[in-house]
Amino acid sequence: MFVLTIVLALLLAGFTLRFGTTGLQRLLDHRFAWAWAPPLAALAQVVGVCVPALRQPALLTTIALLMAFCYANRAQRGLLIAGCGAALNMIVMFANGGLMPVSPDQVLASHGVPVVAGVQVPLSKNIALYDDQAVLAFLGDRIVLPGLHHVAIWSLGDFVLIAGVTLFLFSTMRGSHHATLRSALAD
């Protein structure tokens, strides 16, 4: 989750460099329906990681809030795609007791930490499971990017979520053709 947050922050920084303060202002001026839902969903995720007994209810709360937010803002480019990515992650986590499955071999290769199958990876929302032990293992954390293997292990849902957020940030910060033209004429 931490690395995903950094990637999203880097995307925002990159688009801010590309579109400048005008693009950032467009994003800040953007109005969302149910704007309170994503922060509440993030809080539910933290509760689910910190209080194992509340993992399943926190996960259901997160899913409901994110899906409602994405649906309420479905007219915004990329948000339904991002919602699908979040849903893929939540589905596999729900199917595996509220934790994201990751192979013990991948954790060892990536982070140099040996973990026992069936045990939650410390300070994470991962559970170490081999593919034959995990439900929907293909949706779990299993993708290691070349050169970044020590940084994170990614899921398909992570990439779909990033693609949706990228599309949303690009289209919002770029603005419409008319807004760009008006801005150019005003300068």
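Modeller: I begin with Q45, which is placed in helix α2, residues 37–50; helices (H or I, at least four residues) and strands (E, at least two) are DSSP runs numbered from the N terminus. The model is a predicted one, in which local features need pLDDT of at least 70 and side-chain atom pairs count only at pLDDT 80 or more, whereas totals for chains, interfaces and linings use all residues. Residues are numbered from 1 along each chain as its sequence is written, and side-chain values use heavy atoms, with hydrogens and water left out.

With a relative accessible area of 9%, Q45 is buried; that term means under 20% relative accessible area, with exposed over 50% and partly exposed in between (1.4 Å probe, protein chains only). The side chain of Q45 makes a polar contact of 3.4 Å with the side chain of T62. A polar contact is a pair of N or O atoms within 3.5 Å; within protein, one must be able to donate a hydrogen and the other to accept it, and residues adjacent in sequence count only if both atoms are side-chain atoms.

When neighbours within four places in sequence are left aside, T62 is in contact with A41, A44, Q45 and M90, contact being heavy atoms within 4.5 Å.

Helix α4 (residues 79–95) has 17 residues, which at 1.5 Å a residue should span 24 Å, and its end C-alpha atoms are 24 Å apart, in agreement; the expected span is 1.5 Å times one less than the number of residues. Just after α4, G97 takes a positive phi of about 75 degrees.

The structure holds 7 aromatic pairs, where rings of Phe, Tyr and Trp (its six-membered ring) pair if their centres lie within 6.5 Å, and planes under 30 degrees apart count as stacked, over 60 as edge-to-face and the rest as tilted. One of them is the tilted pair of F15 and F170, at 5.9 Å centre to centre and 55 degrees between the planes. F15 lies in helix α1 (residues 2–29) and F170 in helix α6 (residues 156–174), so this pair ties together parts 155 residues apart in sequence. F15 is buried at 14% relative accessible area, whereas F170 is partly exposed at 32%. Ring pairs link F15, F19 and F170 into a cluster.

Finally, there is the matter of charge. The count comes to 1 salt bridge, defined as a side-chain nitrogen of Lys or Arg within 4 Å of a carboxyl oxygen of Asp or Glu. That bridge joins D131 and R142, whose closest N and O atoms are 2.9 Å apart. Both D131 and R142 sit in the loop between β2 (126–128) and α6, 11 residues apart. D131 is partly exposed at 43% relative accessibility, and R142 is partly exposed at 33%.
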